[in-house]
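Trainee: I have not looked at this structure before. Could you take me through it, one question at a time?

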Amino acid sequence: MAREECKALLDALNKTTACYHHLVLTVGGSADSQNLREELQKTRQKAQELAVAIRAQLTAALRDRGLDAEERAEFERLWVAFSGCLDLLEADMRRALALGTAFPLHAPRRPLVRTGVAGGSAGVAARALSARSLRHEAERDFDVDDLRELEREILQVSEMVNDMEMKVNVPRWTVQARQTAGAELLSSVGASSVGVVSVQERTGPCDVSKALAATVFSAVLLAAVALAICVAKLS
């Protein structure tokens, strides 16, 4: 029961990490906005919640001395997959921090067009630009606070990985996979070949008599068409 629950949690963590990776790639692009930054924040926090739950269950299972060899091997495989997922999450979080710092949402920008208008209207325009709304201030505060929080969360994920390695010693190179390398590709090729064989079995071999009859019919049809063309030219 615990193993199946760990598998379900790990599957959810893989999907959440993949979603976070996809969102990080859009930071600094044309689709970048505060909604994207908020979605990034929610996604990484969800991933960390799943990681904490998985770590607790896997640590408790692997430290149980009464676990049989088969169950232990399965939990060790889950442990290795979980460690790799955490490594990817930490790398994406560091990438998000670098991109968020390089592309702030509300950085001051130089005007691209200078109209040359000066005088009394310049003071009015300056006052209008300085009168920022509460929404704008809130967005600016969110951008800065989110980057600071992201720095703390990166340290927490790094500490989580180190704590895992201290509590449970499972070298990755000692864990054996249940399938050989490329087993998924071989299974897909086998399925496609089976489908081709089944189609051939349904269609069956080509009937020689039917093929000969079709050839004779085509020849007669061509001769009739040629004869009709000759008669039309003579008339």
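**Helices and salt bridges**

Mentor: H1 passes H2 in a left-handed crossing. Keep in mind that the model is predicted.

Trainee: How do the directions of H1 and H2 compare, roughly parallel or roughly antiparallel?

Mentor: Helix H1 covers residues 2-24 and helix H2 covers residues 34-62. Their axes come within 9 Å and cross at roughly 155 degrees. Angles over 145 degrees count as roughly antiparallel. Therefore H1 and H2 are roughly antiparallel.

Trainee: How many residues of the contact of H1 with H2 are nonpolar?

Mentor: The contact residues divide into three kinds. Three are polar and four are charged. The nonpolar ones number 18.

Trainee: What separates the C-alpha atoms of Ala12 and Ala51?

Mentor: Ala12 lies in helix H1. Ala12 and Ala51 are 39 residues apart along the chain. Their C-alpha atoms are separated by 9.9 Å.

Trainee: Is Ala12 buried, exposed or partly exposed?

Mentor: Its relative accessible area is 28%. Buried means under 20%, and exposed means over 50%. Ala12 falls in between, so Ala12 is partly exposed.

Trainee: How many salt bridges does a search of the whole structure find?

Mentor: One of them joins Lys15 and Asp11, at 3.4 Å from N to O. Both residues lie in helix H1, four residues apart, about one turn of the helix. Lys15 is exposed at 58%, while Asp11 is partly exposed at 39%. For the whole structure, the search finds ten.

Trainee: Which residue forms a salt bridge with Glu74 and links distant parts of the chain?

Mentor: Glu74 sits in helix H3, residues 69-102. Its partner is in helix H1, 67 residues apart. The closest N and O atoms are 3.5 Å apart. The partner is Lys7.

Trainee: Which residues are linked with Glu74 in a network of salt bridges?

Mentor: Glu74 pairs with Lys7. Glu74 also meets Arg77 in a salt bridge, 2.9 Å from N to O. Arg77 is three residues from Glu74 in helix H3, so about one helical turn separates them. The residues linked with Glu74 in the network are Lys7 and Arg77.

How values were computed
Residues are numbered from 1 along each chain as its sequence is written. This is a predicted model: local features need pLDDT of at least 70, side-chain atom pairs count only at pLDDT 80 or more; totals for chains, interfaces and linings use all residues. Side-chain values use heavy atoms; hydrogens and water are left out. Axes are lines fitted to C-alpha atoms, for helices over the stretch in contact, and angles run from 0 to 180 degrees between N-to-C directions. Helices (H or I, at least four residues) and strands (E, at least two) are DSSP runs, numbered from the N terminus. Angles under 35 degrees count as roughly parallel, over 145 as roughly antiparallel, 65 to 115 as roughly perpendicular and the rest as oblique. A crossing is left-handed if the near helix is turned anticlockwise from the far one by less than a right angle, and right-handed if clockwise. Ala, Val, Leu, Ile, Met, Phe, Trp, Tyr, Cys and Pro count as nonpolar, Asp, Glu, Lys and Arg as charged, and the others, Gly among them, as polar. Buried means under 20% relative accessible area, exposed over 50%, partly exposed in between (1.4 Å probe, protein chains only). A salt bridge is a side-chain nitrogen of Lys or Arg within 4 Å of a carboxyl oxygen of Asp or Glu.
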